[in-house]
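User: I would like to learn how to read the features of a structure. Please take them one at a time, with the general idea before the case.

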Amino acid sequence: MGQGFAESGADLELVGIRKRFPGFTAIEDLNLSIPAGSFFALLGPSGCGKTTTLRLVAGLEEVTEGRILIGGKDVTATKPYQRPVNTVFQSYALFPHMSVLENVAFGLRRRRIADATGKAHEALRLVELDHLAARKPAQLSGGQQQRVALARAIVNRPALLLLDEPLGALDLKLRRQMQLELKAVQEEVGLTFLHVTHDQEEAMTMADTVAVMNKGRIEQLGAPSVLYELPRTVFVANFLGQSNLLSGPVIGTTADSISVDVEGTRIVVPRSRAHRHRGNVTVGVRPEKLVLGFGPPEESAASNILGPGRVIDVSFSGVSTQYLVAIAGVGTIVVFAQNIGTGPVASVGVEVWVSWRVEHGFGLEDEDAPAPKFPSDTDTATIAVQKKRALMSEFGDS
Amino acid sequence: MTLQEGAVLAGAVTNPPGRAHRRRSGFRLGKWLLPVYAALALLFLLVPIAYTFVFSFNDSIRSNISWRGFTLDNWLAICAAQEVCESFGNSILIAVAATLIATTLGTMIAIALVRYRFKFRSQVSLLLFLPMATPEVVLGAGLAAEFLAAGVQKGIGTVIIAHTMFCISFVVVTVKARVASLDPALEEAGRDLYGSPAQVFWRITFPLLLPGIVAAALLSFALSFDDFIITNFNSGAATTFPKFIYVAAARGIPAEANVVASAVFIFAIALVVVSQVSAAARQRRLAKGT
């Protein structure tokens, strides 16, 4: 085996990865580069191909096409036990017939690393479970099992640590606590983390870089704040937080902005924040950026105005209140108003206007799908069926 | 001894506490009818075993049918009746060999059937059930015909082959259930943690399947040791213990056969008791650990 502990994390590079299962394609032409030492999150709905990507990197699945490089070395053809990669499984996959200590020392013993027991104790101390080293996994709580799974992986100092929704089975409070612990461990050991999750909040709080995956492709990649403030596609705008999306043809462009006609209302978006400048453009704005008004606000070049509309629903959620405003021809607009006691309090049926500053809007690359949108929580089986149908119709045409 | 115990047991359950007699008459009937019925059923099951055990101490001459007095000679010199020892040895040899082969092959087949997708997988699964559903007489006769056609000399070797054949089915069924309940992620974790395929099998898969494999092996051993019909068709001149008893029954079974049967019975009971006690001790240890 030869390879010892990784001194630090290593780069991961995926080049032109394609993974086909019988009947459907899970991943289409995936290119990804994760710099060493970063905390990278793959975010997407179930069935988007994120777990498959992880399994390909771990070597538990074989790629149909493409190459996988870890630290510049091509590992595409190697077996899982030959890769400097460890995984924290969704189900933890702790060996039930071994004690916690034996579980953690398993990887070290396979590589014949000296003082496996001592190192295993050290890893258990890192996750504060050393006092339970003699127990069997079945005698631990869910959170403790999760920490053992983490210790069992990081004790090997892999160049790359893969996390397959490891917090999915925990309750909310424990999840928050584990998110912080994971982040702290990552900073402490300095490894490259690749974290797969469908929880957008988890991805945004923990990762340096988030890649949003949909239907086997990466829709957008970037820092969490960039993804949130400037989504590129309809899918990202809706999957990462909520968005109000409006479509219309571009009716005018200036040096630094474009104007879109939305059912007779002129909406201005900064040119730098729009991914398309011609034809039909879908523009969007986050609900918390909107301001509610009881009268028509003053027209100005610095803001967009929609209205009048009627409040059709008010729901109070503590820090903010969510209003649903129906505007004729435009549709339903979601507004989040912070409960700071100074703004107006609208009730259902009241006539209102909504406005937002021009620089808060964004223009998307693709258009809001006219057909019923792909439900974001579609399972793998449904996707498989859909992919199969698409493939069959493709063959039928040719 | 067992007879007396049974009688005491029956006496105890047929005399319920006096208070129960004051209840409704219909209920009173149920109160004694069920225990008596249960006691009789137990007695019925135990009498042949008790008989075998008691008569292993009989000071018999040629046949072991009438009681002629107590002796320990039969137990002290089991191999005095040479055929008893020889046939018992053959049976043990056949059972051990058939169990080893059937358990090894059966476990491999079970893992393949659950873990891998291949052509005719479900058909293979179905075919493996056939030996269990086919009457033994047909199976035995069929095999005998095949050995004859192939010109194979019948003996202990052919019996081992025959027993392996029907034991495999039971092993596959038993181990398959265990494999199906094994989370594939455990083996994946083993591979991920630098375990080579062989290491993953011996350190993870095998220990987790072991209870199923042991159960399958015990079942195979019992089935093989006990088998008469298939053995009779395929053994030729070789004698196994059941075959010897069957032949001897016509002219009187030697008391040494009773000794062997009783010893096997006692050994089996002791095995069960030991495993139960050790399991209970393990439970207590685990409970103390938490």
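User: How many residues of helix 2 of chain A are buried?

Analyst: Buried means under 20% relative accessible area, exposed means over 50%, and partly exposed lies in between (1.4 Å probe, protein chains only). Helices (H or I, at least four residues) and strands (E, at least two) are DSSP runs numbered from the N terminus. In helix 2 (residues 100–110) of chain A, nine of the eleven residues are buried, so the helix is largely enclosed by the rest of the structure. Among the buried ones are Val100(A), Leu101(A), Val104(A), Phe106(A) and Leu108(A). Arg112(A), which follows helix 2 of chain A, has a positive phi, near 55°.

As for the basis of all this, the model is predicted: local features need pLDDT of at least 70, side-chain atom pairs count only at pLDDT 80 or more, and totals for chains, interfaces and linings use all residues. Residues are numbered from 1 along each chain as its sequence is written, chains are lettered from A and ligands numbered from 1 in the order in which they are written, and side-chain values use heavy atoms, with hydrogens and water left out.

User: What covers the buried residues of helix 2 of chain A?

Analyst: Contact means heavy atoms within 4.5 Å. The cover includes helix 3 (116–126) and helix 4 (142–154) of chain A, together with helix 8 (184–192) and helix 9 (197–226) of chain B.

User: Which residues touch the most other members of the largest nonpolar core?

Analyst: A nonpolar core is a set of buried Ala, Val, Leu, Ile, Met, Phe, Trp, Tyr and Cys residues joined through side-chain atoms within 4.5 Å. The largest one here has 63 residues, and those touching the most other members are Leu12(A), Leu14(A), Phe95(A), Leu162(A), Leu194(A) and Ile204(B). Helix 7 (residues 156–180) of chain B gives the most to this core, with eight residues. A second, separate core of 48 residues includes Val88(A), Ala151(A), Phe193(A) and Val236(A).

User: How many salt bridges does the rule find across the interface of chain A and chain B?

Analyst: A salt bridge is a side-chain nitrogen of Lys or Arg within 4 Å of a carboxyl oxygen of Asp or Glu. The rule finds one across this interface. Arg55(A) and Glu188(B) form a salt bridge through their side chains, at 2.7 Å, N to O.

For the extent of an interface, buried area is the accessible area (1.4 Å probe) that two parts lose on being put together, summed over both. Chain A and chain B bury about 2,200 Å² between them, with 62% of it on carbon and sulfur atoms. Chain A contributes 29 residues to the contact and chain B 21 residues.

User: In what order do the five strands of the open sheet in chain A lie?

Analyst: Two strands pair if DSSP finds at least two bridges between them. The order is 13-12-11-14-20, and the pairing is antiparallel. Strand 13 (265–270) and strand 20 (362–363) are the edge strands, each pairing on one side only.

Strand 11 (residues 244–253) and strand 14 (residues 280–285) of chain A are joined by six bridges. Across that pair, Leu245(A) stands opposite Gly284(A), and Gly248(A) has Val281(A) as its bridge partner. Strand 14 of chain A also pairs with strand 20 of chain A over two bridges, where Gly284(A) stands opposite Phe362(A). Five of the six residues of strand 14 of chain A are buried, so this strand is largely enclosed by the rest of the structure.

User: In which sense do strand 6 and strand 7 of chain A pair?

Analyst: Their pairing is parallel, over four bridges. Thr87(A) stands opposite Leu162(A) in strand 7 of chain A. Val85(A) and Thr87(A) point one way from strand 6 (residues 85–88) of chain A, Asn86(A) and Val88(A) point the other way, and all are buried.

User: Into which domains is chain A divided?

Analyst: Domain bounds come from an automatic or database domain assignment. Chain A has domain 1 (3–226) and domain 2 (244–394), with their C-alpha centres 37 Å apart.
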